[in-house]
Amino acid sequence: MKQTITFNLNGEPVEVEIEPHLTLLQLLRDKLEMTGTKEGCGMGECGACTVLLDGKAINSCIFPALEVEGRNVTTIEGIMDSQGNLHPIQKSFIEHGAIQCGFCTPGMILSAKALLDENPNPSEEEIRNGIAGNLCRCTGYLQIIQAIKTVREQT
Amino acid sequence: MGEIAMQEFINVGKRIPKADAAEKATGKAIYIQDLKLPGMLYGKILYSPHPHARILSIDTSKAEKLPGVKAVLTGYNIPPIKFGFYKDNTPLKAHKVRSCRDEVAAVAAIDPEIAEEAIDLIKVEYEILPAVFDPEEAMQEGAPLIHEEHLGGKEKKPTNVLNLPWRLVAGDVEEARKNSAYVAEDRFKVTWVTHCCMGTSGCVAQFDLKNNLTMYANTQIPSLAQRDFTEALTTMGLSGKKVRVIKTTIGGGFGSKLDTYAFEYIAILLAYRTRKPVKIVFTREEEFFATSPRQPAIIDIAQGCTKDGKLTFRDVKMILDNGAYTSWGATTPSVMMMPISSLYKVPNVRYIAKCVYTNNTYCQAMRGYGNPQATFAIDSQIDILAEMAGIDPLDFRLRNANTPGEITPQNFKVQTCGLRECIDAVAQKLDWRQNRGRRDGRGIGMASMIHVGGGARVYKSDGCGTIIKIDDFGTVNVFTGATDMGQGADTVIAQIVAEELGVRIEDVVVIHTDTDVCPWDVGAHASRTTFVAGNSARGAARKVKEQILEVAAKSLGEQPENLEIRDRVVFSKGDPEKKSPLGKILRASHYTTGGRMIMAEYFYDPQNENLDREFKGNLSVTYAYGTHGVEVAVDKETGEVKILRYIAAHDVGKAINPMLLEGQVYGGAVMGIGYALTERLILQNGKVMNPNFLDYKILTAKDVPNIEAIVVETEDPFGPFGAKGIGEPGLVPTAPAIANAIYDAVGVRIKDLPITPEKILKALKEKK
């Protein structure tokens, strides 16, 4: 039995018919073909699927799609400005070598965004806590932490 | 060398962001998970639940009838494809399963859910066989045979011991032992750890109307994978058909993609059967239990020294758990030989290793390729031996440190060698003399490493090809055989070409993803890409530059040797006013009667040697060295280890891109800290018990210490602009450095990895 949901995706209203068991990640990747959000584990353990729901970082792989009804979802595709300029966090990640294989990157950037939106001046410990749910196997995190610190200092 | 040091570089040595970073930061990069072809089917695999069993029957009738299912394959209805370098593995197993990851059946369906449902409908009857999980038991007479047809030894009898006689002898170990003032003998154990690439394994196989195969793959060995798949096509009756390997963006490699796997052959077979593209992507659980981890080993090691701390001998016996099939894990002893023979100066060396079949998961290459296992034993024991001799381990290491020009017992010809500088740097940063030997719960330790830094001739060729062409506007297309899996090959190669050619980094596009257009390469292994692909790219750039200067010489009325290119301008060295924009020269070359394309190819195969029958030879053109130093705090109540400081000093030859290089060092060291302290794939009766990130603990951002990377530049005369490899070294000395620091902190020596709080507590209790 399909159900219709309406929500706001990256600033645009979306109406879509879905099977009720669908996760938000499946909705984004399979139904809407927005593959910027990654699936790293499907069990809510790695953070690769992180998106923002009303500004808060969530693991979309274990989040029921039905529950985004009427709410705001932001994905990696939605954080550049209207002219298509990269978000300062994206720029900082690029400039600090915070990206190697890049599979964790979209989720990592969104966790960083949720953190900085809520707390524009986080301490290093707060940065580490803010991305603790996002696993990265390539970088050892240090350049990611530096990238986030630098955004903090710029704003 | 002097000339290199003197030069001012524009692109080399600069912190240039990774070429594909923006694609990745915006979610636009296409990984295998993101690839969807028209009409694509989804493949799923049924694995054995038993570590060792006879297959009595497989009933696939229900699965076949499920709407949406397009093909069901078992080991009984596929051609006899064999793969792995020992050719003991098949895509789907018939008659018998030998491990819990054995592929028994596979389906292709119109969506992943139907494929999953179909898998559940397949009924397999097994007769359970006695299994063996301990390699020492598996070596005993009467142990269950994993491959009954596998014969070995002089009598050619059935055995679980592989016919891989790893044996390196140099000098006289027995005599040296007798003459040693001190001898340490220990047994170390290392267990399975796994790559944990954030992007799971996967592929899409597609046949065209003529039965040529396009394989979208995550691979570190495009050219060798192409050969493997071509061989499979031949077995399928498709001899002479072509294979094209296209790499999607790779979500991490670390050695895991150095071989071809059952799931890839299964996708090929399903695609051929259904005439549709077939995609197989692993779940995270599959990634944990059905990919091949680092080789576990039981290491018996003895080392001796003179009264004044000169190493006299090193004697190592090793038993490696091969698992049920054979991949590159079984050849890791060829790399373990390197630190065993050549880390520090040790005149007499013996190393004997046996690989043994068991009913466990089979093993593969993982960052360092055996080196971290061997170095853990060697450099932990260096501290033990130093203590016996009453010598500070820092002095002990300095006394035995490798030096330039040395020829090691394995016949490695050491070129540049910055080991002493690395040891000194670490000692200084840790304030060694001040801080060592407190035994108050805080301690410091160090360990060193050697690794191939100038390629490694493990195959007949260690080569890599490059093709460069330049268009009308000065865009430089570099087609390289190299593979980028995140480490930055795409960027480092662009920097080398830009430097050599005198163009800007943004003018260079590196293409590395398609065997139909990219030249041959032996693969992204052995930390060889910067060195080998870099030298190859530089060679091609030199040839292209010559062509440009020939064309420019005519239009500028100068001799080519008097011309130079810098920042997209060709100019006369004697008269800089005599100049022309590069684009204009290039267009002139095209829009001229009798014009020419500006393009060149270059194949670089380093002057290194295959190991001979005694496993000796100059495996690499140059060697990479490094030393890690750690300060830890150990909680005596809980056994918990906290890393307070971490110094990683590496002789890198020359940092082509210091930012990406630091990323390799940080990433390697953090993976190494996991190896030392937290990571362990737990196998119980052959089954992986922790196939998820909750129970298999890789470090998070909260767990990682700040790491100070110290770059020692020795300007290797053979490296591209002086560079050596750095992909693996960051992981190699981590575990022994931490183990040594723990000993310094609380006086307990842990000899098996990972060093968990439980092991420390137990050792502390036993000490009391």
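Predicted model: local features only at pLDDT ≥ 70, side-chain atom pairs only at ≥ 80, totals over all residues.
Local features were considered only at pLDDT of at least 70 and side-chain atom pairs only at pLDDT 80 or more, while totals for chains, interfaces and linings use all residues. Residues are numbered from 1 along each chain as its sequence is written, and chains are lettered from A and ligands numbered from 1 in the order in which they are written.

Chain A is divided into domain 1 (3–78) and domain 2 (88–154), the bounds being taken from an automatic or database domain assignment. The centres of these two domains, taken over C-alpha atoms, are separated by 21 Å. Across their boundary, 15 residues of domain 1 of chain A are in contact with 13 residues of domain 2 of chain A, contact meaning that the C-beta atoms, placed from the backbone, lie within 7 Å. On the domain 1 side, strand E3 (50–53) and strand E4 (56–59) of chain A each supply at least two residues, and E3(A) gives the most, with 3 residues. Helices (H or I, at least four residues) and strands (E, at least two) are DSSP runs, numbered from the N terminus. By class, this side of domain 1 of chain A comprises 7 nonpolar, 6 polar and 2 charged residues; Ala, Val, Leu, Ile, Met, Phe, Trp, Tyr, Cys and Pro count as nonpolar, Asp, Glu, Lys and Arg as charged, and the others, Gly among them, as polar.

Chain A contains an open sheet of 5 strands in the order E2-E1-E5-E3-E4, with mixed pairing; two strands are taken to pair if DSSP finds at least two bridges between them. Strand E2 (12–18) and E4 of chain A are the edge strands, each pairing on one side only. Neighbouring strands of this sheet are turned by 40° against each other on average, direction ignored. Strand E1 (3–9) and strand E5 (72–74) of chain A pair in the parallel sense over 2 bridges, and Leu9(A) stands opposite Val73(A) in E5(A). Helix H3 (105–118) of chain A packs on the sheet, where H3(A) touches E3 and E4 of chain A and its direction makes about 35° with that of E3(A). Axes are lines fitted to C-alpha atoms, for helices over the stretch in contact, and angles run from 0 to 180 degrees between N-to-C directions.

Chain B is assigned domain 1 (2–29 + 463–604), domain 2 (32–130 + 201–281) and domain 3 (297–457 + 611–767). The centres of domains 1 and 3 of chain B, taken over C-alpha atoms, are separated by 37 Å, and 25 residues of domain 1 are in contact with 27 residues of domain 3. The largest share of the domain 1 side, 6 residues, comes from H16(B).

An antiparallel open sheet of chain B has 3 strands in the order E22-E23-E24. Strand E22 (563–566) and strand E24 (579–581) of chain B stand at the edges with a single partner strand each, so one side of each is left without a neighbour in the sheet. Strand E23 (569–572) of chain B pairs with E24(B) over 3 bridges, and Val570(B) has Ser580(B) as its bridge partner in E24(B). Helix H16 (529–556) of chain B lies across E22, E23 and E24 of chain B at about 115° to E22(B), whereas helix H17 (582–590) of chain B lies across these strands at about 80° to E24(B).

Terms used
Contact = placed C-beta atoms within 7 Å.
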